[in-house]
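Subject: Structure handover

Hello,

Here is the structure I promised to pass on. Please open it first, then read my notes below.

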Amino acid sequence: MYVLDEWTKLLDAGTSIDVVYTDFQKAFDSVPHRRLMSKLEAYGVHGHLLNWIKSFLMGRKQRVVINGQESTWTAVISGVPQGSVLGPILFLIYINDIVDNLSCTAYLFADDMKLFKGITKDADMAHLQSDICAVDAWTDHWLLKLNAQKCKVMTVGRRNKHRPTGTYYHLPAGGSNHQLQMVSDEKDLGVVIDSNLQFDNHILGKVKTANRILGLIKRCFKNLDMISFLLLYKALVRSHLEYAQTVWSPHKVKLIEALEGVQRRATKILPGFGNLTYKERLQRLKLPTLVYRRARGDMIEVFKILHGYYDPEAIPCLKQCIYPSTRGHTWKLYQLQSHLKCRKCSFTVRVAGQWNKLPDNVVNAPSVLSFENRLDNHWACQDFLYDFKAELP
């Protein structure tokens, strides 16, 4: 959400963005123990705590057994145990300073990192290339290798006019000077982001996955009751249609209908529901439309952001009205102006109107759970609860 807010701002100002996605080779298995200990000491970890972490990591051995044949024991001198609580924390400590001293913007989530820069002149490309070299130098020094074949570049927005013909970004990679592949879309933390920020490929891919799982449920369960159906549908099907929905929430009618079509087909598999209308099926199941669920999710995120549930450095900025009018509540948001559709439909812009219409007792709820209950009660009589083509309140 934070990154897309930055990107849509740049696009709305007429600036394209070059984004570099990096990929590490076996990142969690490659962390050298002694260098990790030196970083822990530099961060102020000493004494018994440091010794405890050393005993957790060091002194381990491993061997391989195939068809009863055993290899010799070998010392494990690198890697943090995955599946543990301490392992990911130690990896984050080890990789944390990779973004230091970079001139471009860099975002890091575990071993997934992306660098980006708005391109307005040749110098901007040079700065991004310089940062790519800096990241490569860091990996050489700290013994975490980049997979050059999987590091990619994507231009968001119109292909920038400032790139000279035949000029591309490259990765030094031990002197090989590998040219980075240019792509039109890339999976970013489970969401397929394309160069136009349209999310068509992501949504249609999730619809396909959800339909495939729905078909599996139909083949495996012949006589479903309502309780079993709701458990299976919510856990195995709807979850695919809602992951990170605040990021890619669609505005195109065909995509909205494609998503809703999965739920429409799903509700027909119950015995005796085939002859009912979609709205009647939802009412009997007390299952809201996916449009309602997305609007509800937006409002919950706004509530969490405004009430300080997130780290303020990791969330987009929601600008509150400095001089709120006497009408409405005290948490009203400023309605941002924009030119491009991708900016108008982005989270920070689209939520303001709907949030500002909520009553004071809803936005001032004492907790997230209380907010959800009050919001559901406030919207209980709205048509879009069971009619996805109805106007949003």
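**Two residues with positive phi**

F199 is found in the loop between β13 (191-194) and α6. Helices here are DSSP runs of H or I with at least four residues, strands are E runs of at least two, and both are numbered from the N terminus. Phi of F199 is near 65°, a positive value in a residue other than glycine. F199 is buried, because its relative accessible area is 7%. Buried means under 20% relative accessible area, exposed means over 50%, and partly exposed is in between (1.4 Å probe, protein chains only).

A110 also has a positive phi, near 55°, and is likewise not a glycine. It sits in the loop between β6 (105-109) and β7. With a relative accessible area of 22%, A110 is partly exposed. For background, most residues other than glycine have a negative phi.

**Ground rules**

This is a predicted model, where local features need pLDDT of at least 70, side-chain atom pairs count only at pLDDT 80 or more, and totals for chains, interfaces and linings use all residues. Residues are numbered from 1 along each chain as its sequence is written, and side-chain values use heavy atoms, with hydrogens and water left out.

**The chain overall**

The protein chain has 15 helices and 13 strands. Its C-alpha trace spans about 65 × 60 × 45 Å along the principal axes. Of its 393 residues, 45% are buried. Take the contacts between residues at least 6 apart in sequence: 67% of them join residues at least 24 apart. Contact means heavy atoms within 4.5 Å.

Two packed helices are described by the angle between their axes and the distance between the axes. Axes are lines fitted to C-alpha atoms, for helices over the stretch in contact, and angles run from 0 to 180 degrees between N-to-C directions. Angles under 35 degrees count as roughly parallel, over 145 as roughly antiparallel, 65 to 115 as roughly perpendicular, and the rest as oblique.

Start with α7 (residues 226-242) and α9 (residues 253-266). They pack at about 165°, with axes 11 Å apart. α7 and α9 are therefore roughly antiparallel. Their crossing is right-handed. A crossing is right-handed if the near helix is turned clockwise from the far one by less than a right angle, and left-handed if anticlockwise. From α7, the residues F229, Y233, V237, R238 and L241 meet L259, V262, Q263 and A266 of α9. That contact divides into 7 nonpolar, 1 polar and 1 charged residue. The classes: Ala, Val, Leu, Ile, Met, Phe, Trp, Tyr, Cys and Pro are nonpolar, Asp, Glu, Lys and Arg are charged, and the others, Gly among them, are polar.

Next is α9 with α10 (residues 278-285). Their axes come within 10 Å and cross at roughly 65°. α9 and α10 are therefore roughly perpendicular. The crossing of α9 and α10 is left-handed. E260, Q263 and R264 of α9 make the contact with Y278, R281 and L282 of α10.

The axes come within 9 Å and cross at roughly 115°. I256, L259, E260 and Q263 in α9 meet L290, V291 and R294 in α11. The contact of α9 with α11 holds 4 nonpolar, 1 polar and 2 charged residues.

**A lysine in a strand**

K114 lies in strand β7 (residues 112-119). Is K114 buried or exposed? K114 counts as buried, because its relative accessibility is 10%. Its side chain joins that of D188 through a polar contact of 3.0 Å. A polar contact is a pair of N or O atoms within 3.5 Å; within protein, one must be able to donate a hydrogen and the other to accept it, and residues adjacent in sequence count only if both atoms are side-chain atoms. Beyond its neighbours within four places in sequence, K114 contacts residues including V3, W7, Y21, Y107 and D188.

**Two loop residues**

P366 is in the loop between α14 (360-363) and α15 (368-378). At a relative accessible area of 63%, P366 is exposed. Leaving aside neighbours within four places in sequence, P366 is in contact with Y309 and R374. The C-alpha atoms of P366 and H307 are separated by 9.5 Å, at 59 residues apart along the chain.

K222 is in the loop between α6 (200-220) and α7. K222 counts as exposed, at 65% relative accessibility. The C-alpha atoms of K222 and H307 are separated by 46 Å, at 85 residues apart along the chain.

Best wishes
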